[in-house]
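Hi everyone, thanks for coming. Please have a look at the model on the screen, and I'll walk you through a few places in it.

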Amino acid sequence: GPAPGQASGAKKGAGGRITMGFAQVGAESGWRTANTKSVQEAAKKAGIELKFSDAQQKQENQIKAIRTFIQQKVDVIAFSPVVESGWDTVLKEAKDAGIPVILTDRAVDTKDTSLYKTFLGSDFVKEGKAAGEWLTAAYANEQGPVNIVELQGTTGSAPANDRKAGFAEAIRADGRFRIVASQSGEFTRAKGKTRAKGKEVMQAFLKSQKDINVLYAHNDDMALGAIQAIEESGKKPGTDIKVISVDGIKDAFVAMTEGKINVVVECNPLLGDQLMELAKKVVAGESVPARVETQEGVFPQDKAAAALPSRKY
Ligand code: GZL
């Protein structure tokens, strides 16, 4: 039978395969699907057994999944919290069960940083700032007012909160810029199986706002949905209405080569290999940095064609 202390079949440490429980947000966007693929492929490559759950963007499903992983006595739990708040209780349960937690992609709002070992993901405030800085530079020699509509990501999520804050920060000092409407499109493209709204929210903006100069979309899927709405309204995306987007999925690069998106702020979903390396260290009891920031760039339209062939997601 298993060695003493292994009675529960927990395969900790030396020799035993590591088991990771991963509670994914859902499958709401191109970014998310690429992120899931990266985690699954990296687990296989690292010889880590992966228990994977898709929460369909519902916090209660992620919490249920984490509780299941605790009961299964996995060696490590990793997840991308769909919203920032409401995690302390379940993370305390993981801590009391002696199971380390790694945050990937999105962060949680907690005072107790002992509830997780590290946060691996992008700096969304920086991404929002980069979007605002591009806009300021693009309008360097133009008069105002510049009316901006904003398609926010999932309400309460770290990327939505921080991309909004970073962008507002970057344009605050310049009175020409005004955000005339801002609403969540749930990070998704258009009405369909989910509560998706990228396209529908843009249709509403086009009806309610008499003069829109810029769309700032918190992700490409919503931008691509909005582009459909802009075209159906008889306007040209990228010229009549400038389009700023975040993520950098292939479809957004194609849209830039078609002149329909003006700039994409990259948000790299390919975190799988880094996650598995961190997991091995954490399970072995080695120390890891509290924060591992993803490297990513900004792609203006004139860079898109050259970059497209090497895009990996
Ligand atoms: C950002 C990630 C966001 C992406 C969206 O790291 O959490 O969620 O920007 C995805 O495309 O849905």
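**A short tour**

Let's begin with D105, which sits in the loop between β4 (101–104) and β5 (118–121). When I say helix or strand, I mean DSSP runs numbered from the N terminus: H or I of at least four residues for helices, E of at least two for strands. Before going on, please note that this is a predicted model, where local features need pLDDT of at least 70 and side-chain atom pairs count only at pLDDT 80 or more, while totals for chains, interfaces and linings use all residues. Residues are numbered from 1 along each chain as its sequence is written, and side-chain values use heavy atoms, leaving out hydrogens and water.

Back to D105: its phi is positive, about 75°, although D105 is not a glycine. A polar side-chain atom of D105 is also 2.4 Å from an oxygen atom of the ligand; a polar contact here is a pair of N or O atoms within 3.5 Å, and within protein one must be able to donate a hydrogen and the other to accept it, with residues adjacent in sequence counting only if both atoms are side-chain atoms. For D247, a polar side-chain atom lies 2.6 Å from a ligand oxygen, and for R106 an N or O atom of the side chain is 2.7 Å from one.

How much of the ligand's accessible area does the protein cover? The answer is 100% of the 320 Å² that the ligand has on its own, by the Shrake-Rupley method with a 1.4 Å probe, where for residues only the protein chains shown count as cover.

Now to the helices. α4 (residues 124–138) and α5 (residues 158–171) pack at about 35°, their axes 6 Å apart. Axes are lines fitted to C-alpha atoms, for helices over the stretch in contact, and angles run from 0 to 180 degrees between N-to-C directions.

In the loop between α4 and β6 (146–152) you'll find P145. The peptide bond leading from G144 to P145 is cis, with omega near -15°.

Last stop: L206, in helix α6 (residues 198–208). From S114, L206 is 92 residues away in sequence and 46 Å away in space, C-alpha to C-alpha.
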